[in-house]
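User: Please walk me through the structure below, giving the general idea behind each feature before the case at hand.

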Amino acid sequence: MKIITGYRAEPHITAQQDRNVNMGIFGSGTYIVDMGSKLAATVVSANEITIADGLLVAEGCTAEIERGTSESLEIANGSQGMLRTDLIVARYTKASGTGVEDMQLAVITGTPAASNPADPSYNTGSIAAGDTLVDFPIYKVSLNGISIENVTRIPSIVSVAKTSDVSAVSSALSTLSNTVTTLSNKIGNTAMGTVATTV
């Protein structure tokens, strides 16, 4: 066993250790944290979608669009009379030579079809297993002809302070408060009784 959150007189905390902690908190899937604008998608035109600020957790790896900013993504032209499905993904990369890691938004363009367009394929894999290119789908973009018809969020939105946890803590505090009040009353009554007996 090795200590992680402790002083070792040398750099010793790895990115994967940090990701492992995050997976213990959020899970090993892909999630949008309930803060800021929650990476909200806005259709600007038939060729542009903006993603607002927010925090993403994908296989424990965290990445953000800074609060108050957004990122613009280009959507390829649709085809008249055809349907198409694109994917907006968070693309994790790791340079083979330096080991430098990064995560950026990317658009994967699907294949036009007269009906029931298939989702485009993307890079699957596992960061923990050492894969150097992994895509985490964030939004599905549905095009009808040359227009963007719908943008559907894929990950769940999660909060660290879950409502159930907050309710449980609130209930426990309420019980504790009632207990303290009861004990305080008993102590007060006992003290008064002792004084009366003494007198």
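Analyst: Leaving aside neighbours within four places in sequence, I88 is in contact with I49, I51, L73, A106, V107, F136, P137, I138, Y139 and V141. Please keep in mind that this is a predicted model, in which local features need pLDDT of at least 70 and side-chain atom pairs count only at pLDDT 80 or more, while totals for chains, interfaces and linings use all residues. Residues are numbered from 1 along each chain as its sequence is written, and side-chain values use heavy atoms, with hydrogens and water left out.

User: Which residues of the largest nonpolar core touch the most other members?

Analyst: A nonpolar core is a set of buried Ala, Val, Leu, Ile, Met, Phe, Trp, Tyr and Cys residues joined through side-chain atoms within 4.5 Å, and buried means under 20% relative accessible area, with exposed over 50% and partly exposed in between (1.4 Å probe, protein chains only). The largest such core here has 23 residues, and those touching the most other members are I49, I51, L56, I88, M103 and F136. At least two residues of this core come from each of β3 (48–58), β4 (61–74), β5 (83–94) and β7 (133–144), and β7 gives the largest share, with six residues. Apart from this core lies another, of five residues, among them F26, V33, V57 and V158.

User: Where is M103 found, and what is M103 in contact with?

Analyst: M103 is found in strand β6, and at 13% relative accessibility it counts as buried. Its contacts, once neighbours within four places in sequence are left aside, are L56, A58, C61, A63, A90, R91, Y92 and F136. The C-alpha atoms of M103 and V134 are separated by 9.3 Å, although the two residues stand 31 residues apart along the chain.

User: How many helices and strands does the chain have?

Analyst: Helices (H or I, at least four residues) and strands (E, at least two) are DSSP runs, numbered from the N terminus. By that count the chain has two helices and nine strands, which follow the pattern α-β-β-β-β-β-β-β-β-β-α when read along the sequence. Of the contacts in the chain with a separation of 6 or more, 57% are between residues 24 or more positions apart, and buried residues make up 29% of the chain's 199 residues.

User: Is R84 buried or exposed, and which backbone oxygen does its side chain reach at 2.8 Å?

Analyst: R84 lies in strand β5 and is buried, with a relative accessible area of 5%. For its side chain one looks at polar contacts: pairs of N or O atoms within 3.5 Å, where, within protein, one must be able to donate a hydrogen and the other to accept it, and residues adjacent in sequence count only if both atoms are side-chain atoms. The R84 side chain reaches the backbone oxygen of N77 at 2.8 Å, and a polar atom of that side chain lies 2.9 Å from the backbone oxygen of A76.

User: How many salt bridges are there, and which residue does R19 pair with?

Analyst: A salt bridge is a side-chain nitrogen of Lys or Arg within 4 Å of a carboxyl oxygen of Asp or Glu, and by this rule the count is five. In one of them R19 pairs with E101, the closest N and O atoms being 3.1 Å apart. Because R19 lies in helix α1 (residues 15–26) and E101 in strand β6 (residues 101–108), the pair ties together parts that are 82 residues apart in sequence. R19 is buried at 8% relative accessible area, whereas E101, at 30%, counts as partly exposed.

Another salt bridge joins the side chains of R91 and D135 (2.7 Å, N to O). With R91 in strand β5 and D135 in strand β7, this pair ties together parts 44 residues apart in sequence. R91 is partly exposed at 27% relative accessibility, while D135 is buried at 3%.

User: Which residues make the nonpolar surface patch?

Analyst: Patches are made of residues with over 30% relative accessible area and no salt bridge, like charges being joined within 9 Å and nonpolar side chains (Val, Leu, Ile, Met, Phe, Trp, Tyr) within 5 Å. Here V21, I25 and V160 make a nonpolar patch of about 260 Å². V21 has its place in helix α1 and is partly exposed, with a relative accessible area of 42%.

Terms used:
Contact means heavy atoms within 4.5 Å. Accessible areas come from the Shrake-Rupley method with a 1.4 Å probe; for residues, only the protein chains shown count as cover.
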